[in-house]
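Reader: I have a model open and want to talk through how it packs. Can we start with the core?

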Amino acid sequence: MATLVVIGYDTETQAEETKLKLVQLQKEYLIELEDAVIAIKKPNGKVKLIQPINLTAAGAASGSFWGLLIGMIFMMPVVGVAIGAATGAIGGALSDLGINDDFMKNIAANLKPGGSQLFILFKSWTEDKALQELQGMGGTIIQTSLSHEDTEKLQAALDAAKAAGVGPTQTPPDVAS
């Protein structure tokens with residue numbers, strides 16, 4: 001069963017740093033991500049979702065290939081590419097993998113301009129090791145499908161170095177030269 005976690009940040013940079021850390025943890029097989037999306041609120045009030053895969057572009061590329069292949073069979077490759085790209089782009093734009101876009105936009109609507117939220121959908125995770133790696137990343141848990149106990153553990157890990165004034169891009173005071 002997948003686990004959803006939504007973490008709020010003051011800036012887009014903080015959300016991006018945490019997302020990069022999650023990708024690293026996935027490469028180390030400590031977590032398995034199904035989806036990780038950053039939502040930011042623009043100064044004009046609109047919410048923008050930054051997704052790992054552009055489904056419209058992927059659909060257009062796939063459609064172009066299949067359109068070319070079918071077009072070559074009927075001796076009309078250019079028409080096949082055009083039709084394939086168009087149908088692929090439409091199909092990609094209408095697809096929604098992972099976390100529902102409308103759900104993310106509704107939650108992110110409460111953001112202040114310039115703020116961000118990181119939506120994470122875990123397939124699985126090695127809790128103790130992942131929490132240790134996420135220490136000090138900052139952020140506030142907005143919503144989660146974790147148990148209350150696990151939510152408290154995750155929030156404590158995110159806040160761990162924050163109490164000492166150390167963020168993910170700062171040098172701890174005892175290590176400074």
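Reader: Which residues of the largest nonpolar core touch the most other members?
Author: L22, I31, F122 and L154, out of 25 residues in that core. Keep in mind that this is a predicted model.

Reader: Which elements each supply at least two residues of this core?
Author: β1, α1, β2, β4, α5 and α6. β2 gives the most to this core, with 5 residues.

Reader: What is I31 in contact with, leaving aside its neighbours within four places in sequence?
Author: L22, L25, Q26, F122, S124, W125 and A130. Two of the names there, L22 and F122, also belong to the group that touches the most other core members.

Reader: And what does the second, separate core include?
Author: That core has 13 residues, among them M104, I107, F119 and L121.

Reader: Which of its residues are buried in α1?
Author: A15, T18, K19, K21, L22 and L25. They cover an arc of only 160 degrees around the axis, so they sit on the same side of α1.

Reader: What do they pack against?
Author: The buried residues of α1 pack against β1, β2 (31-41), β3 (47-50), β4 (116-125) and α5.

Reader: Which residues are exposed on the other side of α1?
Author: L20 and K27. L20 counts as exposed because its relative accessible area is 53%, and the cut-off is over 50%.

Reader: What follows α1?
Author: Y29, with a positive phi near 60 degrees.

Reader: Now α6. What are its length and reach?
Author: α6 runs over residues 148-159, so to speak a 12-residue helix, and reaches 16 Å from its first C-alpha to its last. The expected value at 1.5 Å a residue is also 16 Å.

Reader: Which residues of α6 are buried, and which are exposed?
Author: D150, T151, L154, Q155, A157 and L158 are buried. Seen down the axis of α6, these fall within an arc of 160 degrees, so they line one face of the helix. The face turned away from that buried side carries the exposed residues H148, E149 and E152.

Reader: What covers the buried residues of α6?
Author: The cover includes β1 (3-9), α5 (127-133) and β5 (140-144).

How values were computed: Residues numbered from 1 in each chain as written. Predicted model: local features only at pLDDT ≥ 70, side-chain atom pairs only at ≥ 80, totals over all residues. Heavy atoms only, no water. Helix = DSSP H or I, 4+ residues; strand = E, 2+ residues; numbered from the N terminus. Expected span 1.5 Å × (residues − 1). Buried < 20%, exposed > 50% of the residue type's maximum accessible area, 1.4 Å probe, protein only. Arc of directions from axis to C-beta. Contact = heavy atoms within 4.5 Å. Core = buried A, V, L, I, M, F, W, Y, C linked by side-chain atoms within 4.5 Å.
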